[in-house]
Every structure is written in structure tokens, then in C-alpha cells.
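Subject: Structure handover

Hello,

Here is the structure I promised you. Please open it first, then read my notes beside it.

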Amino acid sequence: MPAAILLLLLVFYPIATTIILSFFSGSSFVGLGNYGAILQDPATLNPNGLSGGPPYGTLVNNLLWIVIHLPLSLFTGLVLAVLLQRVRGASIIKSFIFLGMVTPLIVIGVLLGFTIEAPVGFVPAFFGSIGLPSLDVNWIAHPTTLLFGLILGSVWSWTGFSTIIYSAGLTTIPKDYFEAARVDGASEWHIFTRITWPLLRPVTLVIVTMSLLWELKLFDIILGATNAGGGVGGAADVLALQMYRYAFVALPPESNKAAAVACMLLLFTTLVAGFLFRRLLTGDAPKPRAARRLATSTRAGE
Amino acid sequence: MAGPVLRLPHIRLRTVLVHLAAWGIGVAWLIPFLGVAVVAFRPLGEVALGWWNLSPFNPTLANFAGAWGNSDCPLSMGIRNSLLVAVPSTFIPLMVGAFAGYGFARYRFPGRDYVFLSVVLLMAVPQQMVAVPIFKLMLSVGLLNQFLGLILLHSAWGIPWIVLFMRNFYRTLPVEIEEAARVDGASEFKTFYRIVLPMALPAFAAVVVLQFMWVWNDFFFAKIMLQSTDRAVATLCVTQLSGQFTRPWDLLSAAAILTLLVPVGLYIVLQRYYIRGMIGWTIKG
């Protein structure tokens, strides 16, 4: 019973309050006014970003993260998991790759900032040494390099998740399948496209969902690598950071706009979670199993 | 002669290449960590143009001492505060989950699938969604800036997934053992304590390591709840040391290493449970 009160007070009540707050300005009801104001703010959607480069705005940046980070981390994790199947010491290599998943995300942010800053960091010097002087700059100080540097850096930190989950998924495929296919003379590529990939589909679905939630909730990495403003010109700004600024940096605080940004985030994450839920329900898994699988993995994915 | 003699080295070459690639990638993955570690152990003057320049090379612990006893935000305090928050924030929801999960596993009730659904959707809720009301609520009851407030908050967010996690685990235990104990005259409570709890220890380990790391690594809730510097947890100290315009990489890298040492150490020790907890039901359903 005390647990139920705790949940009610610290989870459900604040969620409901934030939704209500998002429709008010001070004490007057403004309907979708806050949402409209946010969507017209260049900090959210920058109309000059299309032609002039970053900052693109928080909404576009979260979308960019999804478009770039999701396929890259998924694909890299799959390739690594398949590659590591037959490697001695694979568990050590997996631990190396998984290190980015156990490290606090704020530290990951600091680490990424360090790695792409010139002259102290490795990335600019690396591109200088292979003859690409245009990338031998201080990535932190330029909007484009900052944004894409952090996106790629977050692929580095998150790939441990897809690698581990795919590795576990691979062990659930019976070895006979592969052996039978080899006996029949199937090529490795065929085995991958006809056996491995289709059988990993439920695993892929879970990884995609967790990754989407992670990309939408992005906060610590940006703050750790830059500042509460999302770095130079706000180039690496994201929705969660925008919300934080409205609520806890702005003077006086703009709680209602903060609530509206949070509700937008919630709308996206709920859509993602709901999508996976429906896919799992209509898929081959029985109902409660699907729900259970989803719930435990969602938490772990954070 | 050509056949078998040529085939053998061909296979070996492929194996060698796969191993070289895998280990090369694995080591390359460590480069950002390696860089920060190298900087943490050397004077800033030596590494300002790149930590890979190895001359001069004068390893030192001065950066760690500087971060540990820093005047802005000593990591000694940050790590102590992190422990003060993370330990109770792990065990409170674990206790709740150990009991409530058992109830959910062994007793039927209507609308069970909807409970799952709501837990799933709850996991998708961003922390920003509760920040403002939580801040106001904690302020009004005097729990802002108190560890207790943050502990309650983390506990509340841990309870849903831990209850479900424990319920799923209990369901994998054969109910016959418990029935046999009851037939032998053991009470409901005795059955739970003597039979069920000992069998659930691996699941508890998984919960402990996942929840502890979640709380230790958390930044956002700590940031809005603990506003005064003397309450800062380790993750907050890392940003406190960041400086306004230029970053003191010597102090900052030492602080980063100190902050990640606890979760990484815990991961190394309890890796089995961590991975199993994370994957367990993800794939096996």
C-alpha cells in the first residue's frame, strides 16, 4: 500500500499535472497555444537550417539522431554479433564494446566532448593524419562537426546494447539450422538472409524500439559534451534539453512551455512503445508473454 | 598436391583475418576511454596537444587528488552522496518487488494484461514529463535538496519494472515445491521465506545491479532535486568541474574515471546477472 501511494504521488500525479500545465499559461487556459508557440520557435524548428546548416532546431535534431543513429548502431551491433560468434575471447571484446553502456551517460558526454575537441582529442588529429585537413578542426567549436560528431559518438556508446542483444538472439537459433543449410550448400550470405535475419526479427524489433526511446530521451550526453544550451549556436540541442532550459534555467521559469515540450516528447515515446506493443501482439508471441518481454527489456534499455 | 596443401592455409588465413578484425575493433572501441585515462594520469601540459604524445611522460596521481579533494565539488563527497542515494533507492523497490511480485505471480486478478501494458507505457515516459510537478511537490513538503526526496523518487520509478521483473521470475519457479511445503504444514509466510526467497537470489542480484546502476548513473533527477553543492552526487560533480568556457581536462578526466569506476566495477563483478537481467526475458519471452 505505501508503494501504491508512492507511485501515485511521484509518477501518476506529476504526469497528469504536466499534461494539464501544458494547456495553460499562468492561470489561463490557452489550449494548444504553448504547442504552437514552441513549434514556431526557431529553437525547435529553424527555417534557416535547411539552407544554412545547423542549428536545425531540437525537433529536427532528435529526428536526425533517429535517422542516423538508429540504423548505424543496429547494423554495427548485428555485424559485430555475427562476427564475434566464431572469435576466441569474444566475451572480452563484447565487454569492451559494452563499457559505453555501463558508464554514466553524463560521463559519456564528457568523454565525447574530449574526443572531438582539438587539439586535445583524438578525432580531429586522426583526420589530420590521414590527410583530411577540413576535419582537423575543433569539432566542438563548429556547429556541423559538433552535431554529427555527437551523433556518431553516441553510436559508439550505444552499439554495446545491440551487440549484446543480437549475440543473445543468435544463441537462441538452433545450430542444426545452420548445419543443415551448409550441408545443402547454401552460401554464408544466403544463410544470413534466409535464416539468421528472419529469425532475429523479434530481437530487431525490441532493439529498434529501445533505440528509438533512447534517441528521443537524449539529454545527458549533450549536456555533458557541451552545456545547457546545446553547444555552439545550439547546434546539438535536443527536446529534453529544451524542456530543461524552460523549466530550470529560464528566469522566470517557463513551466507551461516546459510542460508542452515534455508532452510532445511523451507523445513520441508513447507512439513508439505502443507501436512495438501492437507489433508484438499481432506477431507470433502470445499476449502476456509479449507484454512481459517488452516491460523488462524497456527498463534495461535505458 | 595443390589441393589439400593450399586449402589449409586458406582456412587459417580467414580465421586469422576474422580474429584480427574482431580484436582490432574491440581495442579501437576503447580509444575514448584510453584517452581520458591517459590524461587523468598525466600533467595537463604534457597532453594539451594530444594524449598520444608520450614524451615527456611523467605519470602522476595529482589529477585524482585534485578531483577527489576539489574545492568546488570534491569527488570524495560526490561518491559518498551517490552511495547514500543509490543503496536505499535499490533496496526499497527490491523489497516491494520481492513481495508484490510474488502476489502477482501466484494469485490471479482481473485486468492483469492492462497492468503489463501500463508498465510498458510507463517505461516510455521521459523523466522531463514529471520534472516540474516533482520539483514543486518536493519543495512544498521540504524534501527538495534532501536525499530522502531523491530516494523516494527513484524508488517510485523502480517499483513498476522490479515488480514485473520479479513476478516473471517467480512464474518460472515450479509451483509444486510450494504446494509440497504447504501440504507438509508450512504456513504461507514460511513457504515464501524458506522456499521461494532462496530460489530467487539470482533474480535479486539482477535487480540490484540494474537498479543500482540506473540510480548511480542518473543525472537528471539528481540535477533537479539536489541544488546545493554540498548535496551533489558524483554525476553532478562531473558537470560542476566542467568550467564555464574552457574545460580543465586534467581534473575532468580524473573525475570522469572516478565516477565510472563504481558502475564499471559492479558490472565486472556481477556481469552475469546484469546481462541475464537485461536479456533474460527480452528474448526468451
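Two residues are in contact if their C-beta atoms, placed from the backbone, lie within 7 Å. Keep that in mind for chain A. Among its contacts with a separation of 6 or more, 64% join residues 24 or more positions apart.

Note that this is a predicted model. The predictor gives the complex an ipTM of 0.91 and a pTM of 0.91. Chain B has an average pLDDT of 89. In chain B, 93% of the residues score at least 70.

Chain A in outline

Chain A has 302 residues, and 50% of them count as buried. Its secondary structure comes to 15 helices and two strands. Along the principal axes, the C-alpha atoms of chain A fill a box of roughly 70 × 60 × 40 Å.

A helix pair inside chain A

Two packed helices are described by the angle between their axes and the distance between the axes. Start with helix H8 (residues 143-171) and helix H11 (residues 201-217), both of chain A. Their angle is about 165 degrees, and their axes are 10 Å apart. Angles over 145 degrees count as roughly antiparallel, so H8(A) and H11(A) are roughly antiparallel to each other. Their crossing is right-handed.

Which residues make this contact? H8(A) brings Trp158(A), Phe161(A), Ser162(A), Ile165(A), Tyr166(A) and Gly169(A). H11(A) brings Val203(A), Val206(A), Ile207(A), Met210(A), Ser211(A) and Trp214(A). By class, the contact of H8(A) with H11(A) has nine nonpolar, three polar and no charged residues.

Where the chains meet

Now look between the chains. Here 76 residues of chain B are in contact with 79 residues of chain A. On the chain B side, the largest share comes from helix H14 (residues 249-284) of chain B, with 17 residues. That side of chain B has 59 nonpolar, 16 polar and one charged residues.

One helix pair spans the two chains. Helix H13 (residues 239-249) of chain A packs with helix H7 (residues 128-140) of chain B. The angle is about 15 degrees, with the axes 10 Å apart. Angles under 35 degrees count as roughly parallel, so H13(A) is roughly parallel to H7(B). H13(A) passes H7(B) in a right-handed crossing.

In H13(A), look for Ala240(A), Met243(A), Tyr244(A) and Ala247(A). They meet Gln128(B), Ala131(B) and Val132(B) in H7(B). The residues of this contact divide into six nonpolar, one polar and no charged.

Backbone details

Each chain has a cis peptide bond to find. In chain A, the bond from Pro54(A) to Pro55(A) is cis, with omega near 5 degrees. Pro55(A) lies in the loop between helix H3 (49-52) and helix H4 (58-84) of chain A. In chain B, the bond from Ser55(B) to Pro56(B) is cis, with omega near 0 degrees. Pro56(B) sits in the loop between helix H3 (44-47) and helix H4 (62-68) of chain B.

Next, go to Asn145(B), in the loop between H7 and helix H8 (147-172) of chain B. Asn145(B) is not a glycine, yet its phi is positive, at about 70 degrees. Asn145(B) is partly exposed, because 15 other C-beta atoms lie within 10 Å.

Last, Val175(B) belongs to helix H9 (residues 175-183) of chain B. Buried or exposed? Val175(B) is exposed, with 11 other C-beta atoms within 10 Å. Val175(B) and Val196(B) are 21 residues apart in sequence and 9.7 Å apart in space, C-alpha to C-alpha.

Best wishes

Methods: Residues numbered from 1 in each chain as written. Chains lettered and ligands numbered in written order. Predicted model: local features only at pLDDT ≥ 70, side-chain atom pairs only at ≥ 80, totals over all residues. pLDDT = per-residue confidence, 0-100. Helix = DSSP H or I, 4+ residues; strand = E, 2+ residues; numbered from the N terminus. Buried ≥ 20, exposed ≤ 12 C-beta atoms within 10 Å, placed from the backbone. Nonpolar A, V, L, I, M, F, W, Y, C, P; charged D, E, K, R; others polar. Axes fitted to C-alpha atoms, helices over the stretch in contact; angles between N-to-C directions. Parallel < 35°, antiparallel > 145°, perpendicular 65-115°, else oblique. Left-handed = near helix turned anticlockwise from the far one by under 90°.
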